[in-house]
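Here are some questions and answers on how parts of a protein pack together.

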Amino acid sequence: MSAGLCQAADADDLFVEGAAQNQAKAICAGCPVRAECLAYALDGRIEHGVWGGMTERERRALLKRRPTVRSWAGLFEAARVEHEAVAGSCGRRTA
């Protein structure tokens, strides 16, 4: 996650409460490693701070909704591969 946009931010800006969390989430908006960051927080059950654009409350709710997911990193990687395959097949012409 050394490529994260948050590297340029003050770490204290990512561990805030209330309305300030929206500003913290905005840092994540265009981050190239957002999914990896979120997977790290979900897999590690990190309880504090904004990770991958989600607050601790949002992450807890997601974990509660999807209790059978064993590896969020694996799930996100599989989704990325599938998305790329579908996007690639949409660009091909058939005879």
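Axes here are lines fitted to C-alpha atoms, and angles run from 0 to 180 degrees between N-to-C directions. The model is predicted.

Q: How are H2 and H4 oriented to each other: roughly parallel or roughly antiparallel?
A: Helix H2 covers residues 34–43 and helix H4 covers residues 72–90. They pack with their axes 8 Å apart, at an angle of about 150 degrees. Angles over 145 degrees count as roughly antiparallel. The two helices, H2 and H4, are therefore roughly antiparallel.

Q: Which residues of H4 make the contact with H2?
A: On the H2 side, the contact is made by Ala35, Leu38, Ala39, Leu42 and Asp43. By class, the contact of H2 with H4 has seven nonpolar, no polar and one charged residues. On the H4 side, the residues are Trp72, Ala73 and Phe76.

Q: What kind of pair do the rings of tyrosine 40 and tryptophan 51 form?
A: A search of the whole structure finds three aromatic pairs. In the pair of tyrosine 40 and tryptophan 51, the ring centres are 5.7 Å apart and the planes are at 35 degrees. Planes under 30 degrees apart count as stacked and those over 60 as edge-to-face. The pair of tyrosine 40 and tryptophan 51 is therefore tilted.

Q: Is tryptophan 51 buried or exposed?
A: Tryptophan 51 lies in the loop between H2 and helix H3. The relative accessible area of tryptophan 51 is 19%, and buried means under 20%. Tryptophan 51 is therefore buried.

Definitions and conventions:
Residues numbered from 1 in each chain as written. Predicted model: local features only at pLDDT ≥ 70, side-chain atom pairs only at ≥ 80, totals over all residues. Heavy atoms only, no water. Helix = DSSP H or I, 4+ residues; strand = E, 2+ residues; numbered from the N terminus. Parallel < 35°, antiparallel > 145°, perpendicular 65-115°, else oblique. Contact = heavy atoms within 4.5 Å. Nonpolar A, V, L, I, M, F, W, Y, C, P; charged D, E, K, R; others polar. Phe/Tyr/Trp six-rings, centres within 6.5 Å; stacked < 30°, edge-to-face > 60°. Buried < 20%, exposed > 50% of the residue type's maximum accessible area, 1.4 Å probe, protein only.
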